[in-house]
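Trainee: Could you take me closely through the salt bridges of this model, with attention to how exposed the partners are and which parts of the chain they join?

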Amino acid sequence: MTESYVRFYRPRHRFQDRFRAYKLEIDGEVAGAVRYGAEITVAVSPGRHTLRALIDWTGSEPVTVQVEAGGTVTVRVEPSDGAAMATVGTTDQYLRLTAENA
């Protein structure tokens, strides 16, 4: 069977949460964590997957991607553009996932 992957990366351009890791979920299961300036690649089965990033009580909105057999979907993980204080108390607007080649 051909492996398929989701590659999460976290760019260095945003200072917010620099010393904290973001927990990553695929289909509701913890798949790992990504630190500032790092990346993680996770093997998945081909098909549709729902992704989410979390930190403490908050995180990102879920993003659904289609991963082709033998393919890799690359996802950028970063703080959202909203001011940090504006997202306090929300459960899905503090972080943002962007699928770059889904």
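Mentor: A salt bridge is here a side-chain nitrogen of Lys or Arg within 4 Å of a carboxyl oxygen of Asp or Glu. By this rule the count comes to 5 salt bridges in what is a predicted model.

Let us begin with the network, in which salt bridges link R76, E78, R96 and E100. Within this group, the side chains of R76 and E78 meet with N and O 2.9 Å apart, and E78 also forms a salt bridge with R96, where the closest N and O atoms are 2.9 Å apart. Since E78 lies in strand 8 (residues 72–79) and R96 in strand 9 (residues 95–99), the pair ties together parts that are 18 residues apart in sequence. As for accessibility, E78 counts as buried because its relative accessibility is 4%, under the 20% cut-off.

Another salt bridge joins D56 and R20, whose closest N and O atoms are 2.9 Å apart. This pair links distant parts of the chain, 36 residues apart: D56 sits in the loop between strand 5 (47–55) and strand 6 (58–59), while R20 belongs to the loop between strand 1 (4–9) and strand 2 (22–26). D56 is exposed, with a relative accessible area of 53%, whereas R20, at 35%, is partly exposed.

Methods:
Residues numbered from 1 in each chain as written. Predicted model: local features only at pLDDT ≥ 70, side-chain atom pairs only at ≥ 80, totals over all residues. Heavy atoms only, no water. Helix = DSSP H or I, 4+ residues; strand = E, 2+ residues; numbered from the N terminus. Buried < 20%, exposed > 50% of the residue type's maximum accessible area, 1.4 Å probe, protein only.
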